[in-house]
Amino acid sequence: MGCTAAQLCFRSDSLSSFGRLGASKQSFPGCFLSLDKSSESGGRAPREQDLLLAAAYVSDAQYNRNIPFETSPQAIRLYYFYNHWTMQAATYFFICIDLSLALFEEPALFPLPFLATSIVEVLCLTAFLGRLVHFAKVTPQMVFWKDTKNICIMLTIVLTLIDLIVYGSLEAVNIRSVRWSRALRPVFLINFPESRQIRRAFRSIRNTLPDILYVFLLFLFSVLMFSLMALKLFGDRGLKTVEGSPYFTNILDIAFELYVLVTTANSPDVMMPAYDFNGWYSLYFITYIIINTYVFLSVFLAVVYNNYRKHLKNEIRKLAYLKRHKMIEAFNLLKVQVGTEFVVKEAQWRRLAKVVAPDISSSHLELLLRVSDEGQKGHVDKMNFLRLADLLNIQVVTINIKRHPLEAWMPRVYQSSASLLVQRMVRHRVFVWVYDVIILVNAIFIALDERNPFISYAEWLFLSLYIIEILLKLYTYEPRSYFGRRQFWNWFDVLIIIAALVATVANTTIQSARKYSSQQILDIVLILRILRLLRVIVSIERFRVIVTTLINIGPAMLTFGGLVLVVYYVFAIIGMEAFHSKVQFFDPNFTAPDALVCGNPALKDSAFARNRYCKNNFNDLASAFILLMELTVVNQWHVLAGGFALVTHQAAKLYFVGFHIVVVILIVNIFIAFILEAFFVAYSLEKSEVETAIEKKIQELGVGIQEEAVQDGKLVDNMDTRDSGFSEDDGDNKRKALKGLYFRIASKKYRTVDALLQQMFESEIAPEDEGPPLDEILNFSPSDICPKNPSFENSA
């Protein structure tokens, strides 16, 4: 869950306004809180076991986990241990080790003996088995054995062990065999509970396949129809390609060339023999490109996007209802009756929150309690309790505002009229604009000839101006706030300027002492100068919006990165087994005849050899990944496919066509669909109900600060005067008064798209809606959310 567009803070010395002062009071560092201790009346107090179980439910709701677990005390403790970050990190560590073994196995980038790699793989399999046994101890047996993920992991472990034994036995008698189980290694990455995001992406592909299949079959039918036309039009004309081979005389070759033409990789080469023979034949290729490249590929994207969006909403709906179901279970464990309604006592609510989030600060907890117990009745009702997981997902950052050291050392000078004038100038927006113009002018000078003495002297002028800017900001803003942990651009500015100054001085010193310039240092200086242009991004609002959206979709882009990694890994292993050593790379200075044909006579006079594509091979995992990346770009991919078909068999082209279908047509289109949906959501979604509640509570306390107030150390100077109680005229007194501890809600730019989408659907669920039963939630289908008889209104 993210946070409000306006970053909000509350003052430590205002926390005493958090409600009535009870008899028992508790002090916290830097602040004073009042804690009202109400009596535990109205029902039996929940047991410690119930508290731990309720905390497990809330934690699952907070992190969107959907793991059925036993509710016995031992199982709950095991479940906590199962979800501990160290266990998850260890699982990912062994997954990375297992996947990286392909770098050390034949064909290897860094060869190691088979015994060494097999021992490491057995250790990884042991870790996976231990993780699976741990999961079995937590989950009900019936659920465990019905879960296909667990069956896949166990089956993969058994098959890998069988392959290791068979391969090792044959290797002992010098018989080479295929390590086919290596292609199964991504199964561990996909099927462990920690990888639910990657599984969701695979489910999107699986759910999209039935709908896209009909479009793809129609597309193949179109390609075959045009292939038959090409065979009849050009097959008997006696035309030749540039290489001298017959032109369009084999139906399979024609179909492959026309499929490649859809990707435009062989355009206009494939058309030229026919076009040279008769200009009217160009109409055939133009018609083919319009129908198959522009129409069918656009339909592919439309179908993929439509189905992705439909299934994504179904996934998010399921997550939202599961989350509410878990929170209701937690409430039922802790509820007591007060009057006519069931509630959770304040003391129990505090203990629950501390168990779920042990590191939460007392002042942060107090704020969340005041949001949940708005009437300060000493208990939390059901509607407010259901928001606890969302409240805990809102990050609160502590900001410690202190006096400027110069104000303490020489107060009269620092508070003089001249000093205050300088500070006002630095805080003014015009100061930022002036330096933006200086950066742009500097960019023009960077593009000019460095050897010109005037340009060289101008660089010293720009460096001096940047140093003056930093010194003025350090004079105006408290240094520890200016260099805070989240002040990325301040650190960036200072480090870039210092590095550029050191590199420029070093280069000038060497040039004057030895009469020459160090090229390496000069390159560093030039790069550092260019990096300074990135500062303009912060100053332009439109740039910030784009960067914010990219940050929002960043975590989910990593999910698709994992998806691509899985597909690349499987295709790389298959390619290494099928094509390794078929193509060899030789040093460019090597003049042997084999170097001209990439070590394989079958490539003689081929486009693959003429273009010197010898380094594009499957001789190790790294080379295979680079080759697959080139295939994803699709430029010249038919040349690569043709080369490997020449050194093996023409059927090898099916490998490359299959990769193009899976990655370029399917995964890339789903990625585009995701980017479109992410941008729509990021631009249109407003604040959530929980964020609005927190904002309202802080504003009620009269201590709200807008987002601009925490940029570049301006926290004190941009305080909203309506909320702070200060007038416009006493700015200096305001800065003196506002010293101490603050808490800022993290910016909404750190929200993930999954959280945004879930928030979008949760806003459609009524607060009193407890949702359908658990079995029905788990069996949701996209058709459940689609109208049976769609009208124009509900379709829109």
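The points below concern the cysteines, the aromatic pairs and a few individual side chains of this predicted model.

1. The model contains one disulfide, which joins Cys598 to Cys614 with an S to S distance of 2.0 Å. The torsion about this S-S bond is about -70 degrees, so the disulfide is left-handed. Cys598 lies in the loop between helix H26 (593-596) and helix H27 (607-610), while Cys614 lies in the loop between H27 and helix H28 (621-633), so the bond ties together parts that are 16 residues apart in sequence. Both Cys598 and Cys614 are buried.

2. Two further cysteines deserve a remark. The closest cysteine sulfur to that of Cys124 belongs to Cys96 and is 9.9 Å away, which is too far for a bond, given that a disulfide requires sulfur atoms within 2.5 Å. Cys124 is buried, at 1% relative accessibility, whereas Cys152 is partly exposed, with a relative accessible area of 34%.

3. The count of aromatic pairs comes to 44. In one of them, the ring centres of Phe226 and Tyr288 are 5.1 Å apart and the ring planes stand at 75 degrees, so the pair is edge-to-face. Because Phe226 lies in helix H8 (residues 196-234) and Tyr288 in helix H11 (residues 282-334), this pair ties together parts that are 62 residues apart in sequence. Phe226 and Tyr288 are both buried.

4. The rings of Tyr414 and Tyr475 have their centres 5.3 Å apart and their planes at 55 degrees, so this pair is tilted. Tyr414 lies in helix H17 (residues 411-414) and Tyr475 in helix H20 (residues 453-476), so the parts tied together here are 61 residues apart in sequence. Tyr414 is buried, with a relative accessible area of 4%, whereas Tyr475, at 23% relative accessibility, counts as partly exposed, the limit for buried being under 20%.

5. One aromatic cluster is formed by Tyr568, Phe571, Phe579, Phe608, Tyr613, Phe618, Phe625, Phe644, Tyr655, Phe656 and Phe659.

6. Charged side chains also sit over aromatic rings in this model, as two cases show: Arg179 lies over the face of Tyr167, at 5.7 Å from the ring centre, and the charged end of Lys615 sits over the ring of Phe585, 5.0 Å from its centre.

7. Gln62 is placed in helix H1 (residues 48-62) and counts as buried, at 10% relative accessibility. When its neighbours within four places in sequence are left aside, Gln62 is in contact with Val356, Ala389, Leu392 and Asn393.

Technical notes: Residues are numbered from 1 along each chain as its sequence is written. This is a predicted model: local features need pLDDT of at least 70, side-chain atom pairs count only at pLDDT 80 or more; totals for chains, interfaces and linings use all residues. Side-chain values use heavy atoms; hydrogens and water are left out. Helices (H or I, at least four residues) and strands (E, at least two) are DSSP runs, numbered from the N terminus. Buried means under 20% relative accessible area, exposed over 50%, partly exposed in between (1.4 Å probe, protein chains only). Contact means heavy atoms within 4.5 Å. Rings of Phe, Tyr and Trp (its six-membered ring) pair if their centres lie within 6.5 Å; planes under 30 degrees apart count as stacked, over 60 as edge-to-face and the rest as tilted. A charge sits over a ring if NZ of Lys or CZ of Arg is within 6 Å of the ring centre and within 35 degrees of the ring normal.
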